[in-house]
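Please look at the structure below while reading.

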Amino acid sequence: MTTEILQPQRGAEPSSPEKVKKQRTSLTLLLLKARTFIALILLVIFFAFTTPYFLNPESLIIMAKHISINAILAIGMTFVIVAGGIDLSVGAVVGLCGMVAGLLIDRGLILPMFGVVVFFRIWMIVLIALIVGVLVGAVNGWVITRLRVAPFIATLGTMYAARGLALLSNNGATFPNLVGEPNIGNEGFPWIGGGMIIGIPVAIWLMIAAGLIAWFVTTRTPFGRHVYAIGGNERAARLSGIRVNRTTLFVYMISGFCAAVGGLIVASQLIASHPASGTSFELNAIAAAVLGGTSLSGGRGTIGGTLVGAFVIGVLADGMVMMGVSDFWQTVIKGVVIVLAVAIDQFQARLQTVAALQQERG
Amino acid sequence: MLDTSYSNPERTLITAGEISLNGDMILRAEHITKVFPGTLALDDVNFNTYRGKVNVLVGENGAGKSTLMKILAGVEQPTHGALILEGQPVKFHDALESSAHGIGIIYQELDLFPNLPIYENIFIAREVKQGLSVDKREEIRRTNDLLERLEHPMDPKTLVGDLRLGQQQIVAIAKALAQNVRILIMDEPTSALSQTEVTVLFRIINELKERGVSIIYISHKLEELLTIGDFLTVLRDGKVQAEARVSDVDLPWIIEKMVGRNLAALFTKQEHQIGSELLRVENLCFPRPGGGYYVDHVSCTLHTGEILGIYGLMGAGRTELFECLSGLHPEATGNIFLNKAKITSPEIEERIKKGMVLIPEDRQRVGLVPTLSVSSNMTLASLRKFTSRGVLSFKDELFEVVRMIKDLSIKVYNPQQSITALSGGNQQKVVVGKGLLTKPKVFIMDEPTRGIDVAAKSDMFQIMNDLAMQGFGVLFATSELKEILAMADRILVMSKGQITGEFKREDATEEALVTASAVGHGPIRTGGQA
C-alpha cells in the first residue's frame with residue numbers, strides 16, 4: 001500500500017548481505033519495542049527456576065487474580081494519562097466503592113422519612129457502586145475542564161474527599177462478612193472476587209473484558225483517537241473540532257468506573273469492605289501504565305503495554321513473596337525496576353534513531 | 001575591510017579549492033552529510049562563511065537549511081564531514097561548545113523564556129556573578145546598553161511573554177550579541193517583523209558586519225536576501241545547487257536554482273466564476289479584556305467561487321476574526337450566515353460540520369498533534385466520515401489519506417510515519433489536507449504562505465484556486481502585499497480590529513492597501529480610531 005508514495009530512493013538496490021543487515025537492525029528494534037514483554041518472560045523464567053510451584057496452574061491463577069485489580073485500574077489510568085492528565089483518586093475510589101457495596105449489603109439503604117430500610121439485589125448494589133465510581137470521575141473531569149484546576153490537584157482533592165467519605169460511611173470501621181442473607185435476597189457478593197467461570201476466576205475474566213473493550217475503544221473508535229489527540233496537542237485537537245472538555249470528562253469517568261470495578265473485586269475477595277483498602281493503588285496503576293510505555297506527558301501509550309506493565313509488577317511482587325524475599329526489600333526492588341524501565345524508555349528513543357540510521361545506510 | 005579581504009591572496013588559501021569564490025573565509029563546512037531516519041537531510045554539502053559578510057542560505061522547505069544551520073551551531077552532529085573554523089578543524093558536541101567558539105544562533109522559533117524578564121533571558125546560563133549570587137544590577141545595566149545599541153530601549157525587567165513578537169526578536173539578537181559572537185546565524189529573522197522593524201534589523205546587521213561579525217542568514221523572503229546578502233548558497237534536496245555573489249545574480253536565477261523550474265509557472269491564476277452569497281458576517285465583535293476590541297463590529301460577505309483576501313499589519317485583528325469565524329471564541333458576538341442560514345452553535349465541531357474550517361497561522365503548533373502519525377493527523381477533523389456504527393474504518397481512512405497525499409504531493413514514505421519526521425513544508429501540507437478532508441464550503445486560511453518556500457506557496461495558491469473553481473469560498477489573510485494582489489478577487493483591509501478598506505482586485509494598489517492598513521496608526525496617539 002505504501003510503495004507508490006515512496007520518496008525517491010537514493011543509491012543502489014540493496015544486495016543480499018545488506019538485506020541481512022537490515023533484518024538484523026529491525027530485529028533489534030523489535031526487541032527494544034517489546035522489552036517490557038521480554039522482561040516479563042525473563043522474570044517468569046527466573047522465578048520458574050528459583051521458586052518451586054511457581055509455574056503451578058494454581059499459583060499462576062492466584063497471581064493473575066492479584067494482578068487483575070491493578071490491571072483494571074491501570075487501564076483506566078492509561079486513558080487519563082494518554083489524554084495528558086493523571087488520576088490520583090483511583091485508590092480512594094476503590095475504598096469508597098467497596099464501602100458503598102458493604103453498606104448496602106450490611107445495612108441496606110435507610111430512608112428515615114419513610115421509616116423503612118431498603119435492601120437491594122446484588123446486581124443493583126454493583127450498579128450503584130459503579131455509578132458512585134463514575135460520579136467521582138465526573139467530578140474530577142468537571143473540576144478539571146470547567147474550573148480549570150490542574151489534574152494533579154483536582155484528583156488529589158477527590159482522593160482525600162473519597163477516602164474521607166469511605167471512612168465516614170461506617171465511622172472508620174469495616175463491614176465484615178458480606179455474604180448477604182437469602183431471606184433478603186442479597187447473597188452472592190463473594191462470587192465477584194471468588195467465583196469461577198470455566199475454571200478461571202471472575203476477576204480475571206473482568207480484566208480480560210476490560211482489556212479488550214479498552215483496546216477496541218483506543219484503537220478503533222473516534223473517541224480513542226480524540227483521547228490521543230488531546231494528550232498530544234490540546235489546542236490542535238480543539239481546533240480540529242474535537243470537544244475537548246466532553247472527551248476529557250469521559251476519560252475521568254472511565255477511570256472512575258475502572259476504580260469502582262477494582263473496589264468491588266477487592267471487597268468481594270475479602271468478603272468484607274475496609275475503608276482503607278485501595279491505599280496507594282493509584283501509584284501501582286501509574287507504575288503499570290508507565291512501565292507499559294505510556295508517556296506521562298500524554299499522547300502515547302497502549303492498553304497492551306499497560307497490561308504487560310501490570311503483569312511485570314504483579315509477577316515481580318508474587319515471585320518475590322514465593323522466594324521469601326522480605327517485604328521491605330520487595331518495595332525497594334519495585335522502585336528500582338520502575339525507574340529503570342522509564343530510563344530505558346528514554347534511552348530507546350536514541351537507540352531507535354541509531355538503528356534507523358543503520359537501516360538508512362544499509 | 002571589504003576590499004582588503006578580497007585582495008589578500010594568503011587568506012584565500014584556506015579553501016579546499018572546490019566550488020568557492022575568492023574571499024576570506026572564517027568558517028567552512030566540508031562534505032557534510034547528515035542522515036535522519038527516513039531521510040538524507042544533507043548530501044555532501046560544502047558551505048562557506050565569509051568573514052564580515054552576510055552569507056545567505058536559501059532553499060525550499062526540506063532542502064536542508066535548518067539541518068545545516070543546526071550542525072554549524074553544534075546542535076546536531078554531522079554523520080560525515082568536518083567543520084573548519086579559521087583553518088582549524090573543529091568539532092562541536094553541543095551548542096555551548098560552538099558558542100564558546102563565538103558562534104551564535106537565533107532560531108526561527110525564538111528560544112526565549114516568556115516567564116522570565118528580558119535581562120534574565122539575555123544572560124540565561126551565562127549569568128553575571130558576584131560571588132555566589134547573580135549580579136542583577138550589572139545584568140540590567142548591560143541589557144540596557146545592548147537594547148540601546150539596537151535602538152530599541154525597553155525596560156529590562158519586562159517579562160518576555162509580554163513583548164510583541166518583533167520586540168522578542170530584538171531580545172533574541174541582544175542575547176546573541178551579549179555573547180560576543182564572531183559568527184551569527186539568523187533563521188528567518190524577519191518572518192515576524194513589521195517593515196520598520198526589518199529596516200532596523202538590517203541596520204543592525206550592517207553595523208555587525210562593520211565590526212567584523214560574519215552573518216549566516218536564512219530567509220524565504222527572496223527580495224530581502226538581495227538587499228541584505230553578500231554571498232549566496234542555494235540548497236536543493238540536501239545538495240548545494242549553486243554558490244554566488246549576490247551582486248552577480250537576480251531573483252529569477254535564485255528561484256530557478258531553488259526550484260529547478262521557472263517562476264512564471266508558479267503564480268498563475270485561473271479564472272473562476274464568482275456566484276451568489278455564501279457567507280455573511282454581521283457586526284462581529286470580539287472584546288479585548290480590559291477594554292477595546294480585537295474584532296470591532298466587522299461585517300463582510302464572501303461569495304461562492306470567490307477568493308477574499310484580508311490584508312493588515314500584525315495585530316490588526318485578522319487572526320482573531322478568523323478564530324471567531326471558526327468558533328474558537330464563543331464569547332464573540334454578532335451574526336454569521338452560511339448559505340443564508342444563521343449559524344447559532346458556537347462549537348467548532350458544528351462549524352466544521354457545516355463547512356467552515358480554519359487553517360491556523362501557526363500550523364505546526366496549533367495544527368498538528370506531534371505524537372500522532374501523518375494519517376491520524378490528517379483525518380483528525382473528519383473522523384466522522386470514516387466511522388460507521390462507532391467504529392473506524394482504517395481502509396476508508398487510508399484511502400482518503402493516500403489520495404490527499406497524492407493531491408497535495410506530500411513527501412512521505414508511509415502514512416503511518418510520525419508527523420515529526422516530515423519537513424516543515426510537508427507538515428503544513430498535512431494541516432491543509434486535514435482541512436480539505438472536512439469537505440469545507442468556506443476555507444479560511446490564516447497566512448497560508450508564512451514560512452514556506454516558493455514551490456509550496458505555488459501549491460497553496462493552486463489549492464485556493466481549485467477550491468474557488470469548484471465553487472467554494474476562500475478567505476485568507478496575509479501581510480504580503482504581492483501575494484494578496486496576485487491571489488485575491490477582492491481585498492478587505494483591517495486595522496485595529498476594524499475594516500478600513502475594501503478593494504476590487506482591479507482597483508487595488510500597494511499604496512492604497514498600505515494607506516488603509518495604517519488607519520488609526522497615525523503619528524498622534526489619541527488612543528481612538530481615526
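In this predicted model, six strands of chain B form an open sheet in the order β6-β9-β10-β3-β11-β12, and their pairing is mixed. The edges are taken by β6 (103-106) and β12 (239-245) of chain B; each has a single partner strand, so one side of each has no neighbour in the sheet. Direction ignored, neighbouring strands of this sheet are turned by 15° against each other on average.

Strands of a sheet pair through backbone hydrogen bonds, in either a parallel or an antiparallel way. Some of the pairs in this sheet are listed here, with one facing residue pair for each.

| Strand pair | Sense | Bridges | Facing residues |
|---|---|---|---|
| β6(B) and β9(B) | parallel | four | Ile106(B) and Met186(B) |
| β3(B) and β10(B) | parallel | four | Asn55(B) and Ile216(B) |
| β3(B) and β11(B) | parallel | five | Val58(B) and Val234(B) |

How many residues of β3(B) are buried? Six of its six residues are, and the strand is mostly covered. Val54(B), Val56(B) and Val58(B) point one way from β3(B), while Asn55(B), Leu57(B) and Gly59(B) point the other way.

Helix α10 (residues 251-259) of chain B lies across β3, β11 and β12 of chain B. This helix runs at about 30° to β11(B).

The chain as a whole gives the setting. Chain B has 19 helices and 24 strands, and 47% of its 530 residues count as buried. Of the contacts in chain B between residues at least 6 apart in sequence, 69% join residues at least 24 apart.

Note on methods: Residues numbered from 1 in each chain as written. Chains lettered and ligands numbered in written order. Predicted model: local features only at pLDDT ≥ 70, side-chain atom pairs only at ≥ 80, totals over all residues. Helix = DSSP H or I, 4+ residues; strand = E, 2+ residues; numbered from the N terminus. Buried ≥ 20, exposed ≤ 12 C-beta atoms within 10 Å, placed from the backbone. Contact = placed C-beta atoms within 7 Å. Pairing = 2+ DSSP bridges. Axes fitted to C-alpha atoms, helices over the stretch in contact; angles between N-to-C directions.
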